[in-house]
Amino acid sequence: MATAKTNIGIDGVQRTTSQDNIISTTVTHLFESEMGKVVLDYLKSITIQRIHGPNVTTEELRHHEGQRYIVALLETRIQHGHKVKKDV
């Protein structure tokens, strides 16, 4: 009896490969538009490109790292979406 292969998505959530590919290609499509690029650039400017001084609290740093994680996850989804499109 064959067992189904477990697929853990880019975000660490278990779902089928097909579902994961749909999410990535949808995110890619959304952020390939001109408005999507503007939004992604804005999100990067307030998260990934933001520098904190030495007086940042642990709570603030954790909050901002969570925001950075989400933006980095979107960028990773975009890269994955491009790969999925090439493989189709």
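The structure is a predicted model, in which local features need pLDDT of at least 70 and side-chain atom pairs count only at pLDDT 80 or more, whereas totals for chains, interfaces and linings use all residues. Residues are numbered from 1 along each chain as its sequence is written, and side-chain values use heavy atoms, with hydrogens and water left out. The accessible surface of the protein, calculated by the Shrake-Rupley method with a 1.4 Å probe, comes to about 6,700 Å², and 59% of this area belongs to carbon and sulfur atoms.

The secondary structure comprises 3 helices and 0 strands, where helices (H or I, at least four residues) and strands (E, at least two) are DSSP runs numbered from the N terminus; along the sequence the pattern is α-α-α. The radius of gyration, taken over C-alpha atoms, is 16 Å, well over the 12 Å given for 88 residues by the globule rule (2.2 Å times the number of residues to the power 0.38), so the protein is more spread out than a compact globule. Along the principal axes, the C-alpha atoms fill a box of roughly 60 × 35 × 15 Å.

Helix 1 (residues 17–32) packs with helix 3 (residues 58–87) at an angle of about 105 degrees, the axes being 7 Å apart; axes are lines fitted to C-alpha atoms, for helices over the stretch in contact, and angles run from 0 to 180 degrees between N-to-C directions. The two helices are therefore roughly perpendicular, a term that covers angles of 65 to 115 degrees.

Lysine 5 is found in the segment before helix 1 and is exposed, with a relative accessible area of 80%. Its C-alpha atom is separated by 37 Å from that of leucine 61, which lies 56 residues apart from lysine 5 along the chain.

Definitions and conventions: Angles under 35 degrees count as roughly parallel, over 145 as roughly antiparallel, 65 to 115 as roughly perpendicular and the rest as oblique. Buried means under 20% relative accessible area, exposed over 50%, partly exposed in between (1.4 Å probe, protein chains only).
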